[in-house]
Amino acid sequence: MKSDLKRVLSKVSDFEDPRIKLEQYITPPALAADLVFTAYMQGDIEDKEVVDLGTGTGILGIGAAKLDGEVTAVEKDENALEAAKENAETLNAEISFVESDVEDFDIEVDTVLMNPPFSVHSDIGLSFWEKALEIGDHVYGISPRGARDSIKSLVRSSNHRIVGVQEYDIGLPPSYGFHTEESRETPVDLIITEEK
Ligand code: SAH
């Protein structure tokens, strides 16, 4: 089932013209499938209200919709949102799309999925975490290994606790700004939290 999901998610199109300031890059399909499937196995997707914060071209939201989540996908970049809508249509995933800054999204949900900006150019990554902990009962978020301590302390000061941390290495494109090589393996965490 997870490999079926990965196969579907590998059809989600990437950003055509990534905006570096918004730190746009697509989650690799294997990691996206792993994140969504992990949440599904915990009972946090099927028939649950799921939000994909900063959906980009839609990969996490589409994965959750495919596993019968009731998905809302939030994105502030119009072009990305258009691409996400097309991907959802092509892949037959039912999703409510909202064009909004995550700051302004205040609907409480069962589950938040996200691969937020990694805060290379600003501190927007942490504000995604603040928002997710506020609106979700369960959060599945990807973050760079170097941010683990900051996220842990943010979680400690919230009404959530950490229930799991899974480690991955992903190749980020050079446009991302960490580095000069073609693409470099970057250590990331999938951090899972739930409301106390
Ligand atoms: N979730 C997607 C995209 C990750 S890139 C995936 O996993 O493939 C991060 C996304 O967050 C980008 O699409 C970017 O446009 C969006 N984003 C950045 N800041 C945002 C904000 N303040 N509000 C809403 N979306 C934002």
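**View 1. Cover over the buried face of helix α4.** Elements that cover the buried residues of α4 include α3 (59–66), β2 (70–75) and β3 (95–99). The model shown here and in the other views is predicted. Helix α4 spans residues 78–90, 13 residues in total. From first C-alpha to last it reaches 18 Å, close to the 18 Å expected at 1.5 Å a residue. A80, L81, A84, N87 and A88 are its buried residues. Viewed down the axis of α4, these buried residues fall within an arc of 125°, so they line one face of the helix. E78, N79, E86, E89 and T90 lie on the other side of α4 and are exposed. Just after the helix, N92 takes a positive phi of about 60°.

**View 2. Strand β2 and its partner β1.** Strand β1 (residues 49–53) runs parallel to β2. Five bridges join the two strands. V50 has V71 of β2 as its bridge partner. Five of the six residues of β2 are buried, so this strand is largely enclosed by the rest of the structure.

**View 3. I95 and its contacts.** I95 is in contact with G61, I62, A65, V71, A73 and A88, leaving aside neighbours within four places in sequence.

**View 4. The largest nonpolar core.** This core has 36 residues. L9, L35, I62, I95 and L113 touch the most other members. At least two core residues come from each of α1 (2–9), α2, α3, β2, β5 (136–144), β6 (160–172) and β7 (184–195). Helix α2 gives the most, with seven residues.

**View 5. D34, a buried acidic residue in helix α2.** D34 is found in α2, which covers residues 29–41. Is D34 buried or exposed? At 16% relative accessibility, D34 counts as buried, because the cut-off for buried is under 20%. Which side chain makes a polar contact with the side chain of D34? That of Y168 does, at 2.3 Å. Not counting residues up to four places away in sequence, D34 touches K2, Q166 and Y168.

Notes:
Residues numbered from 1 in each chain as written. Predicted model: local features only at pLDDT ≥ 70, side-chain atom pairs only at ≥ 80, totals over all residues. Heavy atoms only, no water. Helix = DSSP H or I, 4+ residues; strand = E, 2+ residues; numbered from the N terminus. Expected span 1.5 Å × (residues − 1). Buried < 20%, exposed > 50% of the residue type's maximum accessible area, 1.4 Å probe, protein only. Arc of directions from axis to C-beta. Contact = heavy atoms within 4.5 Å. Polar contact = N/O pair within 3.5 Å; in protein donor to acceptor, adjacent residues only side chain to side chain. Core = buried A, V, L, I, M, F, W, Y, C linked by side-chain atoms within 4.5 Å. Pairing = 2+ DSSP bridges.
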